[in-house]
Amino acid sequence: MLAVTDLSKQFGGFTAVDRVSFTVGKGEILGLIGPNGSGKSTIFNMISGTLTPSGGAIAFEGREIGGLAPHRVTNRGIGRTFQIPRPFRRLSILDNVILAGFYGQGRHSKKAAQAAAEQALDLVGLPHDPHAKVDGLGAAGLKKLELAKALATAPKLLLADESLGGLDEHEMNQAADMLKRIRRETGITIIWVEHIMGVLMRVVDRVMVLDHGEKIAEGPPSHVARDPRVIEVYLGTDTQAADAAQTRIA
Ligand SMILES: Nc1ncnc2c1ncn2[C@@H]1O[C@H](COP(=O)(O)OP(=O)(O)OP(=O)(O)O)[C@@H](O)[C@H]1O
Ligand SMILES: [Mg+2]
């Protein structure tokens, strides 16, 4: 479904993503992990059209999408969440998601956008009461709203930049279960970015690890969690994640 080849991004003289290649199959959940600043969001930004790649190719369903404008990428069937949610605070939860629904594949009527929005809100478990306000949402609720906005565009491929920081362990596990359920109910393909390894490893079919913009490992979670380079990266930056990966995956 998605084939990324030698994808690179430079900011000035700094290489944020360094010749990364990977593929994602239909219906798969691919986990993308790595320490802060390792290039995860930059890869999402290039796939979704927010940033133009410095080099490499991104083929979606056999067609090149690298460098397309974000709304065109959305129209091809790729939805994304942003790591830092910025909803329209004056609009209701429902209206935020309806607005996103208009960006779905060729959708032009309010009725169709509203139907897509209500379905997306049901999937994440938020109310479609037109009076429910964004202000009442905590960190976990804002992440759900972000997910609902992406789902309302009716994506075939969802890029979820979750970064579960700010959520407690119970909320993290709920978020992980939600992604699994969404895949089961919609058949959608998901790339899930996270830098907390333990929770992600429970859900994904395959995982890819980045460090300083380079891919350092890829494979089934149980295999990657034992990879010496991955253990080194995580012990160096996040001992809690390393411990979690060791205890949960072993
Ligand atoms: N627009 C930009 N201009 C300059 N540098 C950038 C830009 N976007 C990202 N970077 C840099 O590129 C590197 C990769 O950033 P990126 O946001 O992709 O990391 P990340 O893996 O998503 O990290 P985190 O886990 O903290 O979200 C970082 O060093 C970051 O400072
Ligand atoms: Mg990021």
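Is Ile 78 buried or exposed, and how many C-beta neighbours does Ile 78 have inside 10 Å? Keep in mind that this is a predicted model. Ile 78 has 29 C-beta neighbours inside 10 Å. The cut-off for burial is 20 or more. So Ile 78 counts as buried.

Where does Ile 78 sit? Ile 78 is in strand β6. Leave out residues up to four places away in sequence, and Ile 78 touches Ile 47, Ser 48, Phe 60, Val 73, Pro 155, Leu 157 and Leu 159. Now a distance. Ile 78 and Glu 171 lie 93 residues apart in sequence. In space, C-alpha to C-alpha, they are 26 Å apart.

Next, helix α5. β6, residues 78–80, is one of the elements that the buried residues of α5 pack against. The others are α3, α4, β7 (157–161) and α6 (169–186).

How many of the 14 residues of α5 are buried? Ten, so α5 is largely enclosed by the rest of the structure. The buried residues include Lys 143, Lys 144 and Lys 149. Glu 146 is buried too.

A check on geometry. At 1.5 Å a residue, α5 should span 20 Å. Its end C-alpha atoms are 20 Å apart, which agrees. After the helix comes Ala 154, with a positive phi near 55 degrees.

Now the helix pairs. Start with α3, residues 93–101, against α5, residues 139–152. The angle is about 35 degrees, and the axes are 7 Å apart. α3 passes α5 in a right-handed crossing. From α3, the contact uses Ile 93, Asn 96, Val 97, Ala 100 and Gly 101. From α5, it uses Leu 145, Ala 148, Lys 149 and Ala 152. By class, that is six nonpolar, two polar and one charged.

Why that spacing along a helix? An α-helix has 3.6 residues a turn, so residues three or four places apart point the same way.

The second pair is α4 with α5. α4 covers residues 110–124. The axes come within 8 Å and cross at roughly 140 degrees. The two helices are therefore oblique to each other. The crossing of α4 past α5 is right-handed. α4 brings Ala 116, Ala 117, Ala 120, Leu 121, Leu 123 and Val 124. They meet Lys 144, Leu 147, Ala 148, Leu 151 and Ala 152 of α5. The class count is ten nonpolar, no polar and one charged.

How values were computed: Residues are numbered from 1 along each chain as its sequence is written. Chains are lettered from A and ligands numbered from 1 in the order in which they are written. This is a predicted model: local features need pLDDT of at least 70, side-chain atom pairs count only at pLDDT 80 or more; totals for chains, interfaces and linings use all residues. Axes are lines fitted to C-alpha atoms, for helices over the stretch in contact, and angles run from 0 to 180 degrees between N-to-C directions. Helices (H or I, at least four residues) and strands (E, at least two) are DSSP runs, numbered from the N terminus. A crossing is left-handed if the near helix is turned anticlockwise from the far one by less than a right angle, and right-handed if clockwise. Two residues are in contact if their C-beta atoms, placed from the backbone, lie within 7 Å. Ala, Val, Leu, Ile, Met, Phe, Trp, Tyr, Cys and Pro count as nonpolar, Asp, Glu, Lys and Arg as charged, and the others, Gly among them, as polar. Angles under 35 degrees count as roughly parallel, over 145 as roughly antiparallel, 65 to 115 as roughly perpendicular and the rest as oblique. The expected span of a helix is 1.5 Å times one less than its number of residues. A residue is buried if 20 or more other C-beta atoms lie within 10 Å of its own, exposed if 12 or fewer, and partly exposed in between; C-beta atoms are placed from the backbone.
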